[in-house]
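Dear colleague,

Please find below the structure that I am handing over to you, followed by my notes on what was found in it.

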Amino acid sequence: MAQKKARVLAFYLPQFHPIPENDKWWGKGFTEWTNVGKAKPLFKGHYQPRVPADLGYYDLRLPQVREAQAEMAKEAGIEGFIYWHYWFGDGKRLMSEIFDEVLKSGKPDFPFALGWANHSWYAKDWNTDGVKNDKLLIKQSYPGELDYRAHFEMVLEAFKDKRYLKVGNKPIFLIFDVINLPDEFIPLWNKWSKESGFTDGIYFVANVNKNQIQSKEELLSKGYSSVTYQKMSALYSQKNKFGKIKFRLIGAINKLIFNKPLFAMDYKKAYPYFVGDEEKEEDVIPFMLPNWDHTPRSGSNGSLLINSSPALFKEHAKQVLDVVENKDNKLVFLKSWNEWAEGNYMEPDLVHGKNYLKVLGDELLR
């Protein structure tokens with residue numbers, strides 16, 4: 001059998017069902033669909049609202065939906081999902097029902113890994129009207145070794161599942177916030193994983209903002225196996241060729257005249273920056289980004305990539321696949337499968353249908 005062009009793993013948000021916390025914070029029955037459905041265009045040509053097609057406004061508690069998602073992903077050559085996982089400390093989890101059911105039921109029979117979204121939640125992140133609000137909803141904490149062990153035992157059950165994605169014998173586990181994670185966490189988890197049968201430890205992946213202080217070398221020395229750079233933040237923090245003053249000036253003019261959010265950028269100009277020389281290194285995992293529009297959550301304060309399309313995503317996908325072609329490490333992260341309220345998804349919508357999935361499949365499977 002020919003070697004795969006890439007091992008594409010798609011980030012998966014397990015949010016599309018009511019939970020008591022969202023009922024309390026945002027009103028009875030709130031899900032991500034609440035903001036997606038009521039989004040409005042902010043300027044001429046702004047693609048909003050985005051309406052799901054084949055799967056509709058689904059509820060992830062339905063196993064039929066999860067099976068259909070897996071089938072679509074398989075057809076496009078995606079190897080598996082990375083389910084976002086929320087453990088806030090002292091055993092507190094959120095949005096765990098969906099993954100727990102996937103694990104318990106054995107369905108869908110589709111590979112998966114976990115990404116720990118280890119960050120506090122603030123009202124500004126899921127605000128319904130775009131008004132800035134720094135109210136803390138739930139705090140991420142690190143209570144110490146007893147809690148780390150309880151967390152490990154919970155995740156170990158997933159590691160032992162035959163569907164769990166690995167590099168060699170190492171289960172893949174992504175850490176979203178590497179800055180605030182206590183230094184003892186990774187050594188302890190590696191120790192416990194080896195005692196539990198994973199003799200090589202865990203394949204920890206560090207999620208790194210390109211403009212943060214910690215270097216790749218520092219992270220590898222702490223026990224991470226690889227890093228993945230989130231270069232969207234670098235674009236919007238003016239670490240790009242436009243320069244800080246020019247970027248801000250253009251943004252201010254666009255907002256004044258065209259009512260475009262300050263952090264709006266053309267997808268065609270942005271995507272070439274998502275892959276650089278760093279991604280050619282064996283211990284760096286590149287990412288694909290099909291689209292982005294945070295305005296359903298944050299209104300005119302949101303960031304977005306304008307004029308994204310399946311045709312442009314095809315060029316971006318080629319760019320990423322060319323980078324991993326000569327690497328042993330062929331992991332690629334696809335951001336994301338179903339982040340609808342961030343305008344960041346692969347699932348079919350009424351405008352593009354299955355075309356994002358089709359172009360990815362064309363590049364991966366031909």
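**Around Y83**

Y83 touches Y12, F99, V102, F112, A113, L114 and G115, not counting residues up to four places away in sequence, where contact means heavy atoms within 4.5 Å. Before going further, please note that this is a predicted model, in which local features need pLDDT of at least 70 and side-chain atom pairs count only at pLDDT 80 or more, whereas totals for chains, interfaces and linings use all residues. Residues are numbered from 1 along each chain as its sequence is written, and side-chain values use heavy atoms, with hydrogens and water left out.

Y83 lies in strand β2, and with a relative accessible area of 3% it is buried; buried means under 20% relative accessible area, exposed over 50%, and partly exposed in between, with a 1.4 Å probe and protein chains only. Helices (H or I, at least four residues) and strands (E, at least two) are DSSP runs, numbered from the N terminus. Between Y83 and I98 there are 9.4 Å in space, C-alpha to C-alpha, and the two are 15 residues apart in sequence.

**Overall make-up and strand β1**

The protein has 13 helices and 17 strands, and buried residues account for 57% of its 366 residues. Of the contacts between residues at least 6 apart in sequence, 74% join residues at least 24 apart.

Strand β1 (residues 7-12) is largely enclosed by the rest of the structure, because five of its six residues are buried. β1 pairs in the parallel sense with strand β2 (residues 80-85) over four bridges, and F11 stands opposite I82 there. With strand β15 (residues 331-334), β1 likewise pairs in the parallel sense over four bridges, and in this case V8 stands opposite V332. Two strands are taken to pair if DSSP finds at least two bridges between them.

In soluble globular proteins, nonpolar side chains tend to be buried together. Beyond its neighbours within four places in sequence, W337 is in contact with a set of residues that includes A10, F11 and Y12, as well as I78 and F81.

W189 is also one of the buried residues of helix α6 (residues 185-195), together with F185, I186, L188, N190, W192 and S193. The buried residues of α6 pack against β5 (112-116), α5 (145-159), β9 (170-175) and β10 (203-209). After α6 comes G197, whose phi is positive, near 110°.

**Cavities**

The structure holds two cavities of 30 Å³ or more. On a 1 Å grid over the protein atoms alone, a cavity is a set of points where a 1.4 Å probe fits but cannot get out, and lining residues have an atom within 4 Å of a point; grid points are joined across faces, edges and corners, and a volume is the space filled by probe spheres set on the points.

The largest cavity has a volume of about 60 Å³, and its lining consists of P14, W84, H85, Y86, R93, L94, M95, S96, F99 and L114. The second largest cavity holds about 50 Å³ of space and is lined by V178, L181, P182, D183, I186, P187, K222 and Y224.

**Points to check in the backbone and a buried glutamate**

Most residues other than glycine have a negative phi, and most peptide bonds are trans. M95, which lines the largest cavity, has a positive phi near 50°; M95 sits in the loop between β4 (92-93) and α4 (97-105) and is buried, with a relative accessible area of 3%. N307, in the loop between β14 (303-306) and α12 (310-324), has a positive phi near 65°.

The peptide bond from Q48 to P49 is cis, with omega near -5°, and the bond from K335 to S336 is cis as well, with omega near 10°. P49 lies in the loop between α2 (32-38) and α3 (63-75), while S336 is in the loop between β15 and β16 (338-339).

Finally, E279 counts as buried, at 0% relative accessibility, and lies in the loop between α10 (267-270) and β13 (287-288). Leaving aside neighbours within four places in sequence, E279 is in contact with Y229, K231, F274, V284, P286, V323 and K327.

With best regards

Note on methods
On a 1 Å grid over the protein atoms alone, a cavity is a set of points where a 1.4 Å probe fits but cannot get out, and a pocket is an open set with protein on both sides within 12 Å along at least five of seven lines; lining residues have an atom within 4 Å of a point.
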